[in-house]
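Dear colleague,

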Amino acid sequence: MTAANELSAKIRDFVLAKFPLAKSRKIGDSDDLLDSGIVDSLGILDVVAMLESELHVTIHDDDLVPENFRSIQHIAEFAAKRKSA
Amino acid sequence: MDFLTHHMLQSSARRTPEKEALVHGDERLSYKEVAGRVSGVATGLRRSGVNRGDRVGIYLDASVPQVLSIFGISEAGGVFVPVNAALFPEQVLHIARDCGMTALITSEKKLEGLAEVLPQIPSLKFVVLVGKTSSAKGHASLHSFEEFCGLKPSGTEEDSISKDLAAILYTSGSTGKPKGVMLSHANIMAGSSIVSKYLGITASERILAVLPFSFDAGLNQLMTAFQQGGTCVLINFVFAREVVQTLIKERITGLAGVPTLWSLLAQPNSTLDRQPLPDLRYITNTGGAMPQAVLAILRKTLVHTKIVLMYGLTEAFRSTYLPPEELDRRPTSMGKAIPDTEILVLNEHGQRCKPGEIGELVHRGPTVSLGYWGRPEDTARALRPNPLLPPELGDCEKVCYSGDLVKMDEDGFLYFVGRRDTMIKSSGFRISPTEVEEALFSSGKLRGAAVIGIPDEVLGQAIKAFVTPKDGEPVDTEALLAHCGQKLPRYMVPKLVEVLDELPKTSSGKVDYPALRRRENL
């Protein structure tokens, strides 16, 4: 498994475990998490905490925008970008 | 004379028809437009069979149709039942069955999730769908919300009076499933007038409504704005900075929130401190005490803004507020009674407590609700005759026993001490421990389960569950929480689980909640 795939897999596992609606609606990597109400403002805090503590991604104040968190794929791409920066 | 909820809208529409009433994203509606569509909705509802006093549910995200529905149902003579959009179909089913819902206004997307539960609502005559109308066509029990909006007023004479039931707001207590608090038109209008008075709300106000309308303080935002002829701005947000951007873009003057919102806004990533907000005249907090650290940040950041700490319970709509000039002297106080309201602190014998003595907060005034829908016993417990009235007056007045323990200082300011029962308050929501415990039990893996609220910086209280395994089998706490997540909305899912060999019990064999709290040093 490539590093990028591994990152995606970890984020996917976390989202599916933490947000039951994601699991019951069988959310795919590119499906929307925000407008659908699956991840709310408090849920984002959980995602951020996981990225920082488990994946060691440093998140800046300006990173907390919908574009970085819209889907599992968006989160993974954002995390990969931050890790390589 | 305005005496029904929708009269407030109609009066503002007559006074200032072109004034901006409602904003959501790119949608901007004047009072004339809102009033016109509301009349259409009322006509549609009546033609479809809504009669005076019928309950009509609104299960929608914050949106223009949500607001039009509230006033449309009122104008049709019905009772509006706003359902929190975060609830799951099972909880929607409970509400719909409990209040005997005649009709439900929802969206195409939400209807998909409801497909299974709708047939289990025997009282439901029809559904009104917002958005795509294709599926509404040709289906006898489905109507198009947009078509309703375009209908001409029917000119039916109004027969409701201000004492009639206007709304039912569902909220939790310490046990069982959510109960419906009944508000009359008079309650809602008194709440708007009173809050407008002490916050000084006028037609120039631009209120950002972030709290759901299923929550009394949220509904009050919309009502005060429309009563005073101001502007109500709606928002769906995930990131705190989206709130900040809307404050700036819409030149918001008033914002009401719960502690969770302020905790999110106080974090640097919200960007609240990056630019001044000269238009923001006031913010109000309700739904739990604002953490002192958060309050300090907001006071430093929002230098031009009055910070008003408030307290209310759905059963009495709104109760107390702390005037901003008292914030320095009494930052932990809930304040004093709102206008035209008296707050009593009573001991177990129904007598007034002395300053510093702990007693139950009892509310008297025009916002005392009509009680709980279909639950006379619960109503009799919460709403009782005023024990301080002279006997000659008899039982002419009902006061609201809050279940909140408070004390009053020498100057009459109130301080929250705790709950009389086990009810939990998290993120502004009232949560019944038994509802969470039932969800835990339904996993089939437990012999015992008890939940309590523990302090949480962001949520106010977070839920901690204590569980005992069935047949000594190890409990997979992750799986248990995942199970709860399937059954309950996120705010009701415990944050922590501790496995115990036995739950502490009282001598009568019930779970000893105080003992569990002592374990947590509470």
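Around strand β3 of chain B

In β4(B), the residue that forms a bridge with B:R55 is B:V79. The chain passes from β3(B) through helix α3 (residues 64-75) of chain B to reach β4(B), and this β-α-β crossover is right-handed. Before going further, please bear in mind that this is a predicted model. The two strands, β3(B) and β4 (residues 79-82) of chain B, run parallel and are joined by 4 bridges. Strand β3(B) is also joined by 4 bridges to strand β5 (residues 103-107) of chain B, again in a parallel arrangement, and in that strand B:T106 stands opposite B:Y59.

Is β3(B), which covers residues 55-59, mostly covered or mostly open? It is mostly covered, since 5 of its 5 residues are buried. Both of its faces are covered, with B:R55, B:G57 and B:Y59 buried on one side, and B:V56 and B:I58 buried on the other.

Around strand β18 of chain B

Strand β18 (residues 359-364) of chain B is likewise mostly covered, with 5 of its 6 residues buried. Strand β17 (residues 342-346) of chain B runs antiparallel to β18(B), and 5 bridges join them, while β18(B) and strand β20 (residues 398-408) of chain B, which also run antiparallel, are joined by 4 bridges.

With best wishes

Terms used. Residues are numbered from 1 along each chain as its sequence is written. Chains are lettered from A and ligands numbered from 1 in the order in which they are written. This is a predicted model: local features need pLDDT of at least 70, side-chain atom pairs count only at pLDDT 80 or more; totals for chains, interfaces and linings use all residues. A residue is buried if 20 or more other C-beta atoms lie within 10 Å of its own, exposed if 12 or fewer, and partly exposed in between; C-beta atoms are placed from the backbone. Two strands pair if DSSP finds at least two bridges between them. A crossover is right-handed if, with the strands pointing away from the viewer, the path from the first strand over the helix to the second runs clockwise.
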